[in-house]
There are 2 protein chains.
Amino acid sequence: MCGGKEREMEYREMARKAKSDSYKMAGLAEEVRNKALENIGKALRAESEKIFSANGRDMERAEKDSLPGPIINRLKFDDHKLSDCIKGIGDLIKLTDPVSKTLLKRQLDEGLILEKITCPIGVIGVIFESRPDALVQISSLCVKSGNCAILKGGSEAAESNRVLFDTIHKAGVEAGLPEGFLTLVEDRAGIDQLLKCHDEIDLIIPRGSNSFVQHIMNDSKIPVMGHADGICHVYVDSEADMAKAIPVIKDSKTQYVAACNAAETLLIHEDVYDSVMEALKDAPFEMRFDEEGYSQEYLDYIISVKKVGSMEEAVDHINHYGSHHTDVIITEDEEKAELFMDGVDSAGVYVNCSSRFADGFRYGFGAEVGISTGKLHARGPVGLDGLVTYKYKLRGKGQIVADYASGKREFKFKDI
Amino acid sequence: MCGGKEREMEYREMARKAKSDSYKMAGLAEEVRNKALENIGKALRAESEKIFSANGRDMERAEKDSLPGPIINRLKFDDHKLSDCIKGIGDLIKLTDPVSKTLLKRQLDEGLILEKITCPIGVIGVIFESRPDALVQISSLCVKSGNCAILKGGSEAAESNRVLFDTIHKAGVEAGLPEGFLTLVEDRAGIDQLLKCHDEIDLIIPRGSNSFVQHIMNDSKIPVMGHADGICHVYVDSEADMAKAIPVIKDSKTQYVAACNAAETLLIHEDVYDSVMEALKDAPFEMRFDEEGYSQEYLDYIISVKKVGSMEEAVDHINHYGSHHTDVIITEDEEKAELFMDGVDSAGVYVNCSSRFADGFRYGFGAEVGISTGKLHARGPVGLDGLVTYKYKLRGKGQIVADYASGKREFKFKDI
C-alpha cells in the first residue's frame with residue numbers, strides 16, 4: 001500500500017538524518033557533551049510540572065485500561081524519580097570521557113605514528129519498556145558517549161515520553177548538539193521499519209521480553225546487544241560450606257525474582273543433596289524437579305532442582321541449558337572453583353556469592369547500558385565502554401608501503 | 001529429500017562436537033597450546049613430501065581445468081611456502097598468550113573480588129580462498145587463542161587441504177588438544193548447513209569475494225567478522241604537499257591492486273586539482289570521472305577521480321560512498337587533519353601516508369586474523385586479540401545482595 005511505502009521512506013529519512021548528524025556528534029569536544037547534559041538536567045527540573053501532568057494522563061489511561069499493578073508502578077514518574085534521573089545525569093557528567101581514550105600508541109617507523117583511539121559507535125537504536133525514566137537514562141548515556149539515539153518507548157508511557165523527549169531534545173540542541181542527536185519513534189510499526197535500516201543504525205539495544213528480543217535478533221542485520229533470557233544457575237558442590245550455600249541460594253533466587261540475574265536452576269552434588277534439601281525445606285520458593293524446567297526462566301518464586309554426580313556434570317548442564325549469563329559455584333575447594341570458572345561459558349562465573357551481583361552498578365561501572373549475553377563486543381554488564389568503538393589513526397610524513405616491501409626502509413615498532 | 005536431512009544432521013553433529021570440545025580447549029594451559037603448535041610445526045616438516053605430492057595433484061587438475069594464472073599461483077604450496085608457514089608458527093609460539101589476560105581487577109567489597117579476564121570465543125568457522133597456507137595460518141591462530149576451528153577451504157586446493165588438515169589434526173591431538181579442535185568441511189553445501197548452527201558456532205570469518213561475504217552476512221544469525229569490500233579514498237587537500245601527495249596516491253593505488261586496502265577513489269580539492277592531474281598524467285593507472293565509479297571496488301589499475309570544494313565535502317563523500325575501511329588525507333594543515341580523522345567513520349583514518357599500511361603485520365600485531373569493517377568487537381586489522389572475548393570472575397565468601405540493598409553492608413570499590 002502507498003501509505004506503507006511512504007511511512008517506510010519517513011523512517012529511512014529519520015535514520016539518515018541521525019546517521020549524518022552522528023558524524024557531527026563524533027566531532028564534539030567532551031565539554032560540549034557535558035554542557036549539554038548539564039542543560040538537560042536543568043531543563044528537566046524546569047519542566048517538571050509539564051512532565052508530571054503528562055505522566056498523570058498516562059497513569060489515568062493505564063488505570064482506566066486496568067493495566068497490571070507492576071506496569072502502573074513502572075509507569076509512574078514522580079518528583080522522586082525525576083530527582084533520581086537528574087542526580088544520575090550529574091553523576092554521568094563526572095565520569096571519565098569514554099571517547100578519545102588512547103588504547104594503543106605505537107611508532108611503526110620514525111615519523112609514522114599509529115594510535116588506537118576510542119570513538120562513538122554512531123547511531124544506536126534503543127527499544128525500551130514502559131518506564132519513562134529509561135528514556136532519560138538512555139538519552140544521557142548516548143550524549144555522554146557521543147552517539148545519536150533513536151528511541152522507541154512503551155506505548156503506555158506515550159505522553160510522558162513525548163514531553164521528556166521534547167525537553168531533552170530542546171535542551172541538547174540549545175547546548176550545541178545536532179538536531180538528530182535524539183529521535184523519538186512513537187508507533188510500534190516504526191520498529192520493523194527501523195530494523196531494515198542497517199546502513200544507518202549501527203547497533204540495536206532491545207530491552208524487553210524474551211520473545212521480543214528474539215524477534216529482533218532474528219529479523220535484523222543490525223548487530224544487537226542484549227540478552228534474550230537469563231537462566232542462571234547455582235551449583236552446590238560436595239565441598240560447599242552450608243553456611244554460605246543456603247543464604248546465597250536464597251538471595252540468588254528471591255532478592256528480586258523479576259531480574260535476569262536471578263537463579264532459575266539449582267544443581268546439587270549428590271553428597272550434599274539431602275542436607276541442602278533439608279535446609280531449604282522452609283524456603284520461600286517452590287522447587288520443581290522435572291526436566292522441562294531446565295530451560296525455563298521463571299522470573300518467579302520457583303526454582304528447578306537437579307541432583308548431579310560431579311562438578312563436571314554441573315558444568316555440562318550449565319553450558320547446555322544455560323543462557324551464558326551468570327552462574328555460581330559454592331565450594332571451599334579452590335581448584336574446583338577455578339575449573340568451574342574456566343569451564344562454564346558464561347559472562348559471569350562466580351564463586352561463593354550471589355548471582356544477583358551481575359549488574360553494572362554493583363561492578364562499579366557508574367552507569368549501566370544493559371547486560372549482554374553475546375560474546376562479541378561487550379559481554380556481561382555493560383557500562384559506557386559498550387557504547388564506544390575505536391579507530392586507528394596513522395600520522396605520517398609521506399611514507400609509502402613500496403619502500404618497506406623493497407627493503408629500502410624497515411619498520412621500527414616501538415610502543416610509546 | 002532424506003539425504004539432505006541426513007547431511008544436515010551430520011553437520012550439526014560436527015558443530016556440536018566442536019562446541020563441546022571448545023570447553024576443553026578453554027581449560028588448556030598456555031604450555032599445552034604452545035606445545036601443540038610446536039608439534040604441528042614439526043609434523044608439517046616431517047610430512048612435507050606427502051604435502052607437496054598432494055599439492056602437485058591439485059596443481060595438475062588446476063592446469064588441466066585451465067584455471068587463471070593468479071589462482072594457480074595462490075594454489076602452489078612449495079618448500080618456500082611451507083618454510084614460511086613453519087616460521088609463522090614459531091613466531092606465534094613466542095607471542096604473549098592472548099588468553100587469561102587480566103583486563104580489570106577490582107575489589108567490590110572486602111573479600112569480594114571481581115576480575116575481567118580474556119578467554120577464547122569458542123568455535124570459529126573460517127571460510128577461505130584457494131591458498132593452502134591459509135589453512136595452516138588459521139589453524140595455528142585458533143590453537144594459540146584456544147578456539148576450536150571449523151574450516152572450509154577452496155575446492156581447487158582439496159587434496160592439499162586434506163593432507164595439511166590430517167597432519168595438523170594428528171599432531172595437535174597427540175599434543176593433548178581435544179579431537180574437535182579442528183574440523184575440515186570438504187563440500188560447498190556444508191557452508192549453508194554450518195550457517196544454521198548459531199547455537200554451536202560463535203563467529204564466522206569469511207575470506208573471499210564481496211558477494212560471498214554479503215551472502216553470509218545476510219543468511220546467518222552467527223556474528224560475522226570481516227569486510228565485504230574495501231573502497232578506500234585518498235583526499236588531496238588544498239594544503240597538501242605535492243611531494244607527499246603524488247607518491248602516496250601511486251602507492252595507495254598500485255602497490256598491490258588486488259588488496260582491500262588499495263585506494264579506489266581519489267578526491268582532490270579544486271585549488272590543487274590541476275596540479276595533481278598534471279603530476280599524474282603519466283601514472284600507470286586509468287582515471288575515471290563518472291559517478292557510477294564511486295561505489296566500485298576496481299581491484300585493478302583504475303581509480304575514480306572527483307574534484308571537491310572543501311574538506312567537508314570530501315568527508316561527506318567518504319562516509320556516503322566508502323566502506324569504512326581506510327581513508328587518507330594529504331595535508332600540511334594539522335587542524336584539518338584532526339577534523340578529517342574525527343569526521344571520517346572508518347577503521348583507519350590516515351594523514352600523509354599510504355592506505356596500504358592497513359595491515360596487521362604493518363601495525364606490528366605479529367599475526368593477522370583479517371580486517372574488519374564492522375564497528376563492534378574488532379575493527380580494522382585484527383590480531384590475536386580479535387579471537388578472544390572475556391568473562392567476569394567474581395570470588396566471594398558468601399556475600400549476598402540483600403545485605404547491600406538493605407544498607408547493612410556497603411560497596412568499597414577499589415581497583416587492585
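The legends below describe several close-up views of a predicted model.

Residues are numbered from 1 along each chain as its sequence is written, while chains are lettered from A and ligands numbered from 1 in the order in which they are written. Because the model is predicted, local features need pLDDT of at least 70 and side-chain atom pairs count only at pLDDT 80 or more, whereas totals for chains, interfaces and linings use all residues, and side-chain values use heavy atoms, with hydrogens and water left out.

**View 1. Packing of helices H2(B) and H5(B) in chain B.** Helix H2 (residues 30-46) and helix H5 (residues 79-94) of chain B pack at an angle of about 165 degrees, with their axes 9 Å apart; axes are lines fitted to C-alpha atoms, for helices over the stretch in contact, and angles run from 0 to 180 degrees between N-to-C directions. Helices (H or I, at least four residues) and strands (E, at least two) are DSSP runs, numbered from the N terminus. H2(B) and H5(B) are therefore roughly antiparallel to each other, a term that applies to angles over 145 degrees. Their crossing is left-handed, which is the case if the near helix is turned anticlockwise from the far one by less than a right angle. On the side of H2(B) the contact (heavy atoms within 4.5 Å) includes Asn34(B), Leu37(B), Ile40(B) and Leu44(B), and on the side of H5(B) it includes Leu82(B), Ile86(B), Ile89(B) and Ile93(B). The contact residues divide into 8 nonpolar, 3 polar and 3 charged, where Ala, Val, Leu, Ile, Met, Phe, Trp, Tyr, Cys and Pro count as nonpolar, Asp, Glu, Lys and Arg as charged, and the others, Gly among them, as polar.

**View 2. An open sheet of 10 strands drawn from chains A and B.** The strands follow the order S9(A)-S10(A)-S8(A)-S7(A)-S11(A)-S12(A)-S15(B)-S2(B)-S1(B)-S16(B), and the pairing is mixed; two strands pair if DSSP finds at least two bridges between them. Strand S9 (286-288) of chain A and strand S16 (414-415) of chain B stand at the edges, each with a single partner strand, so one side of each is left without a neighbour in the sheet. Helix H13 (residues 334-343) of chain A packs on this sheet, touching strands S7 (232-236), S11 (326-330) and S12 (348-353) of chain A as well as strand S15 (388-399) of chain B, and its direction makes about 145 degrees with that of S15(B).

**View 3. Strand S10(A) and its parallel partners S9(A) and S8(A).** Strand S10 (residues 302-308) of chain A is joined to S9(A) by 3 bridges, and 5 bridges join it to strand S8 (residues 263-269) of chain A. On S10(A), Ile303(A) is the bridge partner of Met287(A), Ser304(A) is that of Arg288(A), and Val308(A) stands opposite His269(A). S10(A) is mostly covered, with 6 of its 7 residues buried, where buried means under 20% relative accessible area (1.4 Å probe, protein chains only).

**View 4. A parallel open sheet of 4 strands in chain A.** The order is S5-S4-S3-S6, and the edge strands S5 (182-185) and S6 (203-206) each pair on one side only. From one strand to the next, the twist averages 20 degrees. Strand S3 (residues 123-127) and strand S4 (residues 148-152) of chain A pair over 5 bridges, with Ile124(A) partnered by Ala149(A) and Ile127(A) by Lys152(A). In a regular strand the side chains alternate between the two faces of the sheet. In S4(A), Cys148(A), Ile150(A) and Lys152(A) point one way and Ala149(A) and Leu151(A) the other way, and all are buried. Helix H9 (residues 210-219) of chain A lies across S3 and S6 of chain A, running at about 165 degrees to S6(A).

**View 5. Two glycines in loops of chain B, Gly322(B) and Gly293(B).** Gly322(B) lies in the loop between helix H12 (311-321) and strand S11 (326-330) of chain B, and at 15% relative accessibility it counts as buried. Leaving aside neighbours within four places in sequence, Gly322(B) is in contact with Ile231(B), His233(B) and His317(B). Gly293(B) is placed in the loop between strand S9 (286-288) and strand S10 (302-308) of chain B and is buried, with a relative accessible area of 1%. With neighbours within four places in sequence again left aside, Gly293(B) is in contact with Tyr298(B) and Ser304(B), and its C-alpha atom is separated by 8.2 Å from that of Thr265(B), 28 residues apart along the chain.

Definitions and conventions: Angles under 35 degrees count as roughly parallel, over 145 as roughly antiparallel, 65 to 115 as roughly perpendicular and the rest as oblique. Buried means under 20% relative accessible area, exposed over 50%, partly exposed in between (1.4 Å probe, protein chains only).
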